[in-house]
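Trainee: Could we go through the charged side-chain pairs in this one together?
Mentor: Gladly, please put the model up and start wherever you like.
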Amino acid sequence: MIAYLCAIGIIALIYALLALGLNLQFGLTRLVNFGVVAFFAVGAYASGLLSLQGVPLVVCFIAAMLVSAVLALPIGLLSLRLRDDYLAIVTLGFSEAVRITIQQEEWLTKGVQGLPGLPKLFAGWPSPWGDVAIFTVLVLITALVVWGTVRLARSPFGRLLRAIGDDEAALSALGKDPAWFKVQIFMLGAALFGMAGAFYAHFITFITPEQFIPLITFYVWMGLVMGGTGSVRGALFGTFLLMVFLEGSRFVKDWIPGVSEVGMASLRLAAVGLALILVTLYRPNGMFGGDSGGKSQ
């Protein structure tokens, strides 16, 4: 039971890191990134490949963040020239391009066979205390990211990012150039996605391209929208709500006779979609979201 709860908690915290990264990009700066899963996959594969070469895991995690951030640089530069809807299309296409590249480059990634036998964090610890240790580390890192996000949002840099999101044209009219600030926040968010990918790879210990489909991006957006964009509390609560729907529905199957696993997966998506519709109708800014100029805390 402890191992199961730890596994759920670890996955939830990985999703929380993804939601916090997206909150930096969209919640503060209104950069529409539909390619979250691409940076998540790059972080997982970068860390996984390095660890298989005997590189220490700490270095692997740092490399995963750096590679994801560097990969975000050209997308961030594109964001300077694209409107929100076009940026969304570009990032969605980018995520699929990354997944297909991972599938095709078998010499490096082993293609659809995936990477088995990745070193697990705290591998030498007895079960379930190894998972408890991973969960504890993730709690500490998530708390650190929350603290850093709140400090950033309250800093002059954070207020500038909010001004970019609220009215970029007005900010430019005041003599401020938002270009480099948008690129920086896009790379910072991507670094968080990469770190989440590294944690995922070294918890699951086996990764394939099929684990990094656009549905992951969809889940992260769902959590953030339900919780409230621009709000750290919203990102965390939305992630919690998402996990309740995804994991809670597994137990609902016992109460609904005649529903197959495939059918339950469809019902799960329907339940999440219905929740999103209700939140949009009755809480348009999410459970903890204020107006567009609301404070992130």
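Trainee: Which residue forms a salt bridge with Glu210?
Mentor: Arg99 does, with the closest N and O atoms 3.5 Å apart, a salt bridge being a side-chain nitrogen of Lys or Arg within 4 Å of a carboxyl oxygen of Asp or Glu. Arg99 lies in helix α4 and Glu210 in the loop between α8 (179-204) and α9 (214-227), so the pair ties together parts that are 111 residues apart in sequence; helices here are DSSP runs of H or I with at least four residues, numbered from the N terminus. Keep in mind that this is a predicted model, in which local features need pLDDT of at least 70 and side-chain atom pairs count only at pLDDT 80 or more, while totals for chains, interfaces and linings use all residues. Residues are numbered from 1 along each chain as its sequence is written, and side-chain values use heavy atoms, leaving out hydrogens and water.
Trainee: And what is Arg99 linked with in the network of salt bridges?
Mentor: The network links Arg99 with Glu96 and Glu210, and between Glu96 and Arg99 the closest N and O atoms are 2.9 Å apart. Those two are 3 residues apart in helix α4 (residues 84-104), which means that about one helical turn separates them.
Trainee: Is Arg99 buried or exposed?
Mentor: Arg99 counts as buried at 14% relative accessibility, where buried means under 20% relative accessible area, exposed over 50% and partly exposed in between, with a 1.4 Å probe and protein chains only. Glu210, at 45%, counts as partly exposed.
Trainee: Changing topic, how many salt bridges does a search of the whole structure find?
Mentor: That search finds 3, one of them joining Lys120 to Asp131 with the closest N and O atoms 3.1 Å apart.
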